[in-house]
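I opened my notebook to look up charged pairs and the ligand site. My notes follow in the order I took them.

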Amino acid sequence: MSIKPQPSWTRQIGNILILLASLFLLANIFLPGLFGTQVPRVPYSLFIQQVEDNNVSRVSLGQEEIRYQLKGLDTAPGQVLSTTPIFDLELPKKLEAKGVEFAAAPAKNNWFGSVISWVLPPVIFVLVWQFFLGRGGGNPAGALSITKSKAKVYVEGDSTKTTFADVAGVEEAKTELQEIVEFLKNPQRYLQIGARIPKGVLLIGPPGTGKTLLAKAVAGEAKVAFFSISGSEFVELFVGAGAARVRDLFEQAKKKAPCIIFIDELDAIGKSRASGNFMGGNDEREQTLNQLLTEMDGFSAGDATVIVLAATNRPETLDSALLRPGRFDRQVLVDRPDLSGRLKILEIYAGKVKLDPQVDLKTIATRTPGFAGADLANLVNEAALLAARVGRTTVAQGDFNEAIERVVAGLEKKSRVLNEKEKKIVAYHEVGHALVGSLMPGGGKVAKISIVPRGMAALGYTLQMPTEDRFLMDQSELQDQIATLLGGRAAEEVVFGSITTGAANDLQRATDLAERMVTTYGMSKVLGPLAYDKGQQNAFLGESMMNPRRMVSDETAQAIDNEVKEIVEHGHQQALAILRTNIELLEKIAQQILETEVIEGEDLQTLLGQAKPVERLSLSV
Ligand code: ADP
Ligand code: MG
Ligand code: ZN
């Protein structure tokens, strides 16, 4: 249910003014008599002349107009004329001398006209203002209503059906938020003992992990109103409007207490002010942020239980003032789910589609490390779409497999055609990855080779499936990965004696990995267990301006470069060695994939199983 926007008085006055103005204009056009008859106007000199000539019978002296009547015949009254008054102290004397009857004009009945002369200019101004704002801001409510927070603030009160049961795989976060639910349900219990109920809870985690969902679930569990607004909405507002909105939001919320205010994308307003100034500040954001801080400080837990939940995926950019006690002093990590978490999430979403009894969700969960809740929800839907497209009534395991590939690698692009030579190069390249990967299994088991182009960039791909969730990698596994990444290029070298541009991305990733081994993980004997990069970015400087490396001497920088090169080159030599030893197998698999375009499953394992093992080259560093 959305709160009805409160009618803005400024807007209403604007409307009334516009109405009045149009009425007046219409009246003047159609009923001129209403505001005084129009009479011919003559120059002042002519009027004086006529007075001198004794032609004038009566004069009425007004502020804006002198109206007079010429002497008429006995049978008909004289013509009425008017002239513009001139500051002429002699006039009454002249009139008296000529025996003209004269009087000050009665107050003009035209008060309406003078009101309009006050009112019309502002109305025109307002109309122009609205016109421009309507176009520029895309704000349909118009310019006069910017100070009130509008439909974007919504309450989902008792109607909220989201509960913790709808959120899975983030058990720790749920446990922590359960406490918040208790506060909301039963604030007195905590207050009477003197405990301070937290005001702000910050949900931190990558996109799609269920932060918004969790916030709603807290409201749903506690059965309280839920006000939600997104930080990015403030950014487009005028200076001052964001702050007004925040004030308004808290005002509304306090009336509905106990309740939850949820600020999504807090980083959009809560960016560190220091970095803001450095990059050429943003007044609006700062004012909004200040207002938010003021509001959070302003309400004391005693009078109303309003808990502010906020979500961000970039906590490091937040202004430190936000994280102080009494503000967002609680932080809840909402991370990507692990294997069992993914399984639970899959169970939630699989329950919403018709599933083939053969489907093994555990296998799917195993194959999707790194997927966030939103990705898994999307995956189930993709699978259902695939099944429906071919007219099946239930979703099968195969649909899930294809959906995973889709989500991982983008949609299959059959339309993209490679010429024969390109196809051949891609085939050898991918088989190169696969062979090195199967003998150097640190990067996971090779599950599929394909030379069907997918997505934007990949002409072919080799899919490696981790056999379990990995949180730690050892040095040799990283070296395996680098060798595997270089396997494609090595195959091109071995077979064609030349290399193509197709390996650029592989080299990029291999080099990154090698660099991290040296500078982050301290895996180099020469450079020792030092972290040469700066893990946490310096909030004061913002990120983009930062040199990610610590200040190092020229020699150290040189040494790092040499180490990185050494590691990548080692992987390259390892890959070359493997492929030279297994050149016939490389040839065989490549020929086969040129026919079938895809090799996977049993076939692939049998083929790769024939590879002759190669001694691991030792890395000298
Ligand atoms: P975030 O706010 O962290 O970016 P959302 O809460 O907006 O993520 O998640 C988007 C959608 O993904 C949710 O509406 C829900 O359908 C699904 N989803 C994400 N995480 C989970 C989860 N842990 N459990 C169940 N569904 C989830
Ligand atoms: Mg969200
Ligand atoms: Zn490659």
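Which residue forms a salt bridge with Lys 448? I found Glu 405, with the closest N and O atoms 2.4 Å apart. I counted a salt bridge where a side-chain nitrogen of Lys or Arg lies within 4 Å of a carboxyl oxygen of Asp or Glu.

**Ground rules.** I am reading a predicted model, where local features need pLDDT of at least 70, side-chain atom pairs count only at pLDDT 80 or more, and totals for chains, interfaces and linings use all residues. Residues are numbered from 1 along each chain as its sequence is written, chains are lettered from A and ligands numbered from 1 in the order in which they are written, and side-chain values use heavy atoms, with hydrogens and water left out.

I went back to Lys 448 and Glu 405. Helices (H or I, at least four residues) and strands (E, at least two) are DSSP runs, numbered from the N terminus. Lys 448 is buried at 7% relative accessibility, and Glu 405 is buried at 8%. Buried means under 20% relative accessible area, exposed over 50%, partly exposed in between (1.4 Å probe, protein chains only).

Next I checked Asp 399. Its salt bridge is with Arg 392, at 2.5 Å between the closest N and O atoms. Asp 399 is buried at 5%, whereas Arg 392 is partly exposed at 40%.

Then I looked up Glu 179, whose side chain meets that of Arg 330 in a salt bridge (3.0 Å, N to O). Glu 179 is in helix H5 (residues 171-185) and Arg 330 in strand E11 (residues 330-333), 151 residues apart. I also noted a network of salt bridges linking Arg 41, Glu 65 and Arg 67. The count comes to 11 salt bridges.

**Ligand 1.** Which side-chain atoms come up here? I noted a polar side-chain atom of Lys 211 at 2.7 Å from a ligand 1 oxygen. An N or O atom in the Thr 212 side chain is 2.6 Å from an oxygen of ligand 1. Taken alone, ligand 1 exposes 550 Å², and the protein buries 78% of that. I read that accessible areas come from the Shrake-Rupley method with a 1.4 Å probe; for residues, only the protein chains shown count as cover.

Helix H7 gives the largest share of the shell, three residues. Where does ligand 1 lie? Domain 3 (147-333) and domain 4 (339-409) both give residues to the shell, so ligand 1 lies between them. The domain bounds come from an automatic or database domain assignment.

Methods:
A polar contact is a pair of N or O atoms within 3.5 Å; within protein, one must be able to donate a hydrogen and the other to accept it, and residues adjacent in sequence count only if both atoms are side-chain atoms.
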